[in-house]
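Hi there,

Here is the structure I promised to pass on.

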Amino acid sequence: ARVGSAHCLPPQQHQENEIKLLTAEIERLKNFGCLGVSPSLEGLRDENAKLKYRLNFLKKSLQEERSKSVKSMININSCLQEIFGAAIQAAYPDLENPPLVVTPSQQPKFGDYQCNSAMGISQILLKTREQKVIPREIAEKIAKNIPANECIEKVEIAGPGFINVHLRKDFVSKQLSSLLINGVQLPAVGKRKKVVVDFSSPNIAKEMHVGHLRSTIIGESMCRLFEFAGHDVLRLNHLGDWGTQFGMLIAHLQDKFPDYLTVSPPIGDLQAFYKESKRRFDTEEEFKKRAYQCVVLLQSKNPDFIKAWNLICDVSRKEFQKIYNCLDITIIERGESFYHEMMKDIVKEFEDKGFVQVDDGRKIVFVPGFPVPLTIMKSDGGYTYDTSDLAALKHRLCEEKGDILIYVVDSGQSVHLQTVFAAGQMIGWYDPKVTRVAHAAFGVVLGEDKKKFKTRSGDTVRLIDLLEEGLKRAMDKLKDKERDKVLTPEELKAAQTSVAFGCIKYADLSHNRLNDYVFSFDKMLDDRGNTAAYLLYAFTRIRAIARLANIDEQMLRKAAREEVLVLDHEKEWKLGKCILRFPEILQKILEDLLLHTLCDYLYELATTFTEFYDSCYCVEKDRQTGQIVKVNMWRLLLCEATATVMAKGFDILGIKPVQKM
Ligand code: ARG
């Protein structure tokens, strides 16, 4: 037996060794995004019992994970990270947290993936041990220590110390077959997490503007992604539905529609109604006084005032719902008013813990690291936006038991939210190491003149008008292309909505949300470049290929099980690898919440597909007769795999593809 091999060890150590191996295996699986937390061992006193218990648990979960992960896609990048992690560990056992960098290669001559850790390790060796080792030498040592695996064909050292990785053809081919047989499935997530997403969140009586549109689109897509990854998502509309503005709105309602309690008031244009009441509030002393009284009565939950408040909210709700219907948004309403009852306790909690200072009658809370304090109670005893956000934070953490909270809110509110989050940590509601609370901020929407997005006359653009204009322009475009001559009226209508709303969403999602973005119908409806119009066209074309070859779904499904996906042509190989990058793209977005990466990827997939299709015949036809002489089934399968991944990508982005366009 080799020295240290398992069977010459005493039983206790044998068990420990086995645990070590299992733990390593489990760690590997975890990096594919699998597996939950191991059980607590607290009740178990006896060391031996503990070991046995853990061993059994690990064995069982390993089995479960193995059976699960056969069906799901593999994140090749983290798979390689695992392998190189192990290689680095073996080559430099006493380096702590060595840098682990694996990326897809930009050019075929650099292989399929690259590991670029050698440079970093060289610097660490120099800094911490004053050892001068050239990165190339380190790269060689790492390469020599690569453990046995199923995905690497060979590695080459290039340049100063890059390790170029060539994947095995049969590995890629098998992954693609599995994708066709099992559908797109992300690696299992381990413990299913509770994710709370705060998005859209417009304000009652004020117009929902393009900023809210961004939040709505990005938030919806974020929810879809987390749901697809297997998490439990709570979609919350933090409506601005409470506050002093309701005093003047109710007072005005009483004047304009005195019988509002029995006859539903035809408010119609709530914006105009808001403006009128604001003007009266600013000019009529008597009215102003009454508005204040109305606030007090509303806050004390007087039924007539609650009714008036509800009537006003309903008008807005209906408007918002129209937009949500157009854009296929799912969200539940939980506005600021929902937290009203909790705010008293929030103030008390901060007071009890000694965090409150009184300033000019206001109750304020300073949070370390933030120059501006939170105002948790105004001098008139009312609560603020700060108070309702503190209450919402606590509720989401302690009642909803959220593991991940995401706020899709414009960058302008960054300081407000960061202060609220820091206050939550300060008072002990959560530990950022355990719970993730993130502000998914986004920039402002600009007009084509690069100024704030406005109508020609300088008013804010009403969202519903914007959506309608999108519809009109999409139809013009389809007619330009004479699609109305080939599609049935129903097909044309489906194409119109798919293009219009798809383009509006995609234009938003395809820009890095942190930047401002320029809203341009012309750009978003262009069917060249990285737009939904281009992708939707590409998708229908791919879907049509099998149809033209008279291959139906059943035949494809059968072929997926029987055919080997040959990847001999350079363009087949490129496409195959591109398709399989889907899980690593999504898993990255689950970390950084930057959805444009998915758009960039889908665009790359579509262009890679076009390259493939231009140089590889899927269906060969007789030049004279046009009759099909040969169907290259494995290529049709590549088309199918591309379409499957694209469809899933569209779904996450909230874009509805159509069969014909
Ligand atoms: N209603 C707010 C606005 O229109 C957005 C609310 C965002 N969410 C939050 N929890 N503060 O600006």
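T435 sits in the loop between α14 (414-426) and β12 (436-439); helices here are DSSP runs of H or I with at least four residues, strands are runs of E with at least two, and both are numbered from the N terminus. T435 counts as buried because its relative accessibility is 11%. For that label, buried means under 20% relative accessible area, exposed means over 50%, and partly exposed is in between, with a 1.4 Å probe and protein chains only. Leaving out residues up to four places away in sequence, T435 touches L397, G402, D403 and Y430, a contact being heavy atoms within 4.5 Å.

Before you go further, please note that this is a predicted model: local features need pLDDT of at least 70, side-chain atom pairs count only at pLDDT 80 or more, and totals for chains, interfaces and linings use all residues. Residues are numbered from 1 along each chain as its sequence is written, and side-chain values use heavy atoms, with hydrogens and water left out.

**Helix α13**

L397, one of the residues that T435 touches, is among the buried residues of α13. This helix covers residues 385-399, and its end C-alpha atoms are 20 Å apart, which agrees with the 21 Å that its 15 residues should span at 1.5 Å a residue. The expected span is 1.5 Å times one less than the number of residues in the helix. Because 11 of its 15 residues are buried, α13 is largely enclosed by the rest of the structure. Those buried residues include D386, T387, S388, D389, H395 and R396. At the start of the helix, a side-chain oxygen of T384 comes to within 3.0 Å of the backbone nitrogen of D386. After α13 comes K401, with a positive phi near 55°.

**The ligand**

Which residues surround the ligand? They are D198, S201, N203, H212, H238, Y385, D389, Y407, V409 and Q413, where near means that a heavy atom of the residue lies within 4 Å. D389 is also one of the buried residues of α13, and an N or O atom in its side chain is 2.8 Å from a nitrogen atom of the ligand. H212 places a polar side-chain atom 2.8 Å from an oxygen atom of the ligand, and a polar side-chain atom of Q413 likewise lies 2.8 Å from a ligand oxygen. A polar contact is a pair of N or O atoms within 3.5 Å; within protein, one must be able to donate a hydrogen and the other to accept it, and residues adjacent in sequence count only if both atoms are side-chain atoms. On its own the ligand has 350 Å² of accessible area, and the protein covers 90% of it; these areas come from the Shrake-Rupley method with a 1.4 Å probe, and for residues only the protein chains shown count as cover.

**The cores**

A nonpolar core is a set of buried Ala, Val, Leu, Ile, Met, Phe, Trp, Tyr and Cys residues joined through side-chain atoms within 4.5 Å. The largest one has 173 residues, and L80, F84, I406, F582 and L598 have the most contacts inside it. Helix α23 (residues 633-653) supplies the largest share of this core, 12 residues. Another core, of 30 residues, lies apart from it and includes L374, Y407, V420 and A422. Y407 is also among the residues around the ligand. Beyond four places in sequence, F84 touches L100, V102, C115, I142, I146, I152, V155, I163 and V165.

**Helix α8**

With 9 of its 12 residues buried, α8 is mostly covered. Its buried residues pack against α9 (270-283), α10 (285-299) and α11 (303-327). From first C-alpha to last, α8 (residues 245-256) reaches 17 Å, close to the expected 16 Å.

**Two loop residues**

D360, in the loop between β8 (356-359) and β9 (362-365), has a positive phi near 55° although it is not a glycine, and it counts as exposed because its relative accessibility is 72%. E482 is in the loop between α15 (463-480) and α16 (489-509); its phi is near 60°, again positive in a residue other than glycine. At 45% relative accessibility, E482 counts as partly exposed.

**The whole chain**

The chain has 23 helices and 16 strands, and buried residues make up 50% of its 661 residues.

Best wishes
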